[in-house]
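Hi,

Here is the structure I promised to pass on. Have a look at it first, and then read on for what turned up.

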Amino acid sequence: MREAGRGYRLLTRRRVLQGAGAVALSGVSTGAYATGIEPFRQVVTRYAITPNPAAPWPAGLTLRIAVLTDIHACEPWMSAERIAGIVAATNALGADLVVLVGDFMAGQRYVTRTVPAAEWAPVLGRLTAPLGVYAVLGNHDWWEDKEALRRGHGPTIAGTALSENGIRVLSNEAVPLATKAGPVWLAGLEDQLALLPVRRRTGQGRVGLHDLPKTLAAVPDGAPVILLAHEPDIFARVPARVALTLSGHTHGGQVRLFGWSPVVASRNPRYVYGHVREASDLVISGGLGLSIAPIRIGVPPEIVVVELGAGASV
């Protein structure tokens, strides 16, 4: 279920001109909308999910989880001021848990200014929830950190900034959340494409730093678990014991017409957007920002809210 929301300083003449500049010469109104209007919209998309029977879940427990992903901080598309509006809207949702599923760094060239981590991280640090605020990193958080790429491991600029502002960053690790029904474990994967740009010439293909077996091994047998994974492709390997996987990365294709996206950042055509049920459940957010091309059509920026647990409907 999608709710229209008030974006933060939703639209100004200057933003329309900045966004539509690339297509103004062609006079295509759709292009002006795709660059000047939809990227600045903001909606809340809601899912109600009962975990599959194979996933242990405490009787009577329902968790409200707010999901933010693919912020891609840069101007004019995602300023610190706009992020502040997203934070305020998220806090107003009354979630039990807030998770950030990667790609905080800009991730595109069509910008007037890159917003540094020293500006966006303190704003995200204002997020609050009774069970805490947690994050994993995305591919652009690695790709735009040349020193981390050179080393082949962290710390990263994004990860350090989040940690310094009170947000726990999970890298192939799991932590227990103290719910009223007992511990629910939150597991977070390191990025599945982290080292791709510097390894492309070696012929090794996509080189990730994720370790799903290690991450889930930290969760006691029979304990309920929620998984954060920036890219949804890992879902094919996620066991049924995981109640829910939360991902981003695809932006829903950024262009989505009648439920179809011509270009997607996933190897599996099922893992593009929304709720997917296989052995367990996956929710892929369309995200908030932009990467590669500064356009959105049919998949506006969204805050996702998942009601997970007893009484929810699939």
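Before the rest, some ground rules. This is a predicted model, in which local features need pLDDT of at least 70 and side-chain atom pairs count only at pLDDT 80 or more, while totals for chains, interfaces and linings use all residues. Residues are numbered from 1 along each chain as its sequence is written, and side-chain values use heavy atoms, with hydrogens and water left out.

**The overall picture**

The protein chain has 9 helices and 15 strands. Those are DSSP runs numbered from the N terminus (helices are H or I with at least four residues, strands are E with at least two). Of its 314 residues, 56% count as buried. Buried means under 20% relative accessible area, exposed over 50%, and partly exposed in between, using a 1.4 Å probe and protein chains only. Among contacts between residues at least 6 apart in sequence, 74% join residues at least 24 apart.

**Helices**

Back to that helix pair. Two packed helices are described by the angle between their axes and the distance between the axes. For α4 (117-124) and α7 (residues 157-164), the angle is about 40° and the axes are 8 Å apart. The axes are lines fitted to C-alpha atoms, for helices over the stretch in contact, and angles run from 0 to 180 degrees between N-to-C directions. That makes α4 oblique to α7 (under 35 degrees is roughly parallel, over 145 roughly antiparallel, 65 to 115 roughly perpendicular, and the rest oblique).

Next, α3 has 12 residues and should span 16 Å at 1.5 Å a residue, which agrees with its end C-alpha atoms being 16 Å apart. The expected span is 1.5 Å times one less than the number of residues. Its buried residues are Ala80, Arg82, Ile83, Gly85, Ile86, Val87 and Thr90. What covers them includes β2, β3, β5, α4 and β15.

**Aromatic pairs**

The count comes to 3 aromatic pairs. Rings of Phe, Tyr and Trp (its six-membered ring) pair if their centres lie within 6.5 Å; planes under 30 degrees apart count as stacked, over 60 as edge-to-face and the rest as tilted. One of them is Phe40 with Trp77, which is stacked, at 5.9 Å centre to centre and 25° between the planes. This pair links distant parts of the chain: Phe40 is in the loop between α2 and β2, Trp77 is in the loop between β4 and α3, and they are 37 residues apart. Both Phe40 and Trp77 are buried.

Another is Phe235 with Tyr271: the ring centres are 5.7 Å apart and the planes are at 75°, so this pair is edge-to-face. Phe235 lies in the loop between β11 and β12 and Tyr271 in the loop between β12 and β13, so the pair ties together parts that are 36 residues apart in sequence. Phe235 and Tyr271 are buried too.

**Some single residues**

Ala135 sits in strand β7 and is buried, with a relative accessible area of 0%. Beyond four places away in sequence, Ala135 touches Leu100, Phe104, Leu162, Ile167, Arg168, Val169 and Leu170.

Thr215, in helix α9, is also buried at 0%. Leaving aside neighbours within four places, its contacts are Asn172, Glu173, Ala174, Ala187, Gly188 and Leu189.

Most residues other than glycine have a negative phi, and most peptide bonds are trans. Here, the bond from Glu75 to Pro76 is cis, with omega near 10°, and Pro76 is in the loop between β4 and α3. A cis bond also joins Gly154 and Pro155, with omega about 10°.

As for phi, Asn172 has a positive value of about 55° and is buried at 10% relative accessible area. Ile292 has a positive phi of about 65°, but Ile292 is exposed at 61%.

Cheers

Note on methods
Contact means heavy atoms within 4.5 Å.
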